[in-house]
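Please read the following account with the sequence and the structure side by side.

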Amino acid sequence: MKQVGEQADSAQTLDDKQVVHYLLTHPDFFIRNARIVEQMVVPHPVRGCVSLLEWQLGRQRAHIQQLEDDITRLMEHASTNEPLFNRLLRLQSDLAAADSLQELLNRLQRRWARGLGLAGAHVRLFSDQWQLGAPSGFTHLALARSAFEPLRIQRLGQCNHYLGKLNGPELLLLLPQVRQVGSVAMSLLGDDGSLGVLMFTSRDSQHFQDGMGTVLLQQLATLLPDLLERWISRA
């Protein structure tokens, strides 16, 4: 049976939550006990123990270093995004100047895909979203959503982009007239990805890989539907 002293010690035992609550509700604690605070030490993974003040200064230095690293990354992103933004403006202007759908596709293919060292650029449109039947002349762009859905689930999942390789049946579905495709950058068209597929192809199987940036691809996939509506009506 516990003695009275032991019971009192047990009742007075504080847990972390109580200590934190007390310090938060008594912010003058460190002022009233400044001398004791200077004598306090805390465990350190490298130096064994350090004073509370050293520990706090170390945390502040680490926080400042983190902020400096964040600023450096932001500056790096800005320097990277500027040429992408300029390239997108040029691309938008070039495509908008096309006087026919075929001219737009030619510019996308010859001036931009080839200019980037790629094999080609291709657009396929979901047949339930666009009026692509004869005599439109655009039937070769049609892609059945039901046929594409297994590929979407397998390759894109919940994402709007896929960068990597495609197998034979997938290439036959998307690019039946194209040969020597090593890897692709594929993006769903439209804000919600419901209008079709944009693809850039490379003969190099390692050219497009998971984890590569998709900023330009995303912007182009959002831009294209408005340009296509100049010649193709929505269903």
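Five strands make up an open sheet of mixed pairing, in the order 4-3-7-6-5, where strands are DSSP runs of E with at least two residues and helices are runs of H or I with at least four, both numbered from the N terminus, and two strands pair if DSSP finds at least two bridges between them. Strand 4 (142-143) and strand 5 (161-164) stand at the edges with a single partner strand each, so one side of each has no neighbour in the sheet. Strand 6 and strand 7 pair in the antiparallel sense over 7 bridges, and Ser183 stands opposite Ser202 in strand 7.

This is a predicted model, in which local features need pLDDT of at least 70 and side-chain atom pairs count only at pLDDT 80 or more, while totals for chains, interfaces and linings use all residues. Residues are numbered from 1 along each chain as its sequence is written, and side-chain values use heavy atoms, with hydrogens and water left out.

Val123 is in contact (heavy atoms within 4.5 Å) with residues including Leu105, Leu108, Leu198 and Leu224, its neighbours within four places in sequence being left aside.
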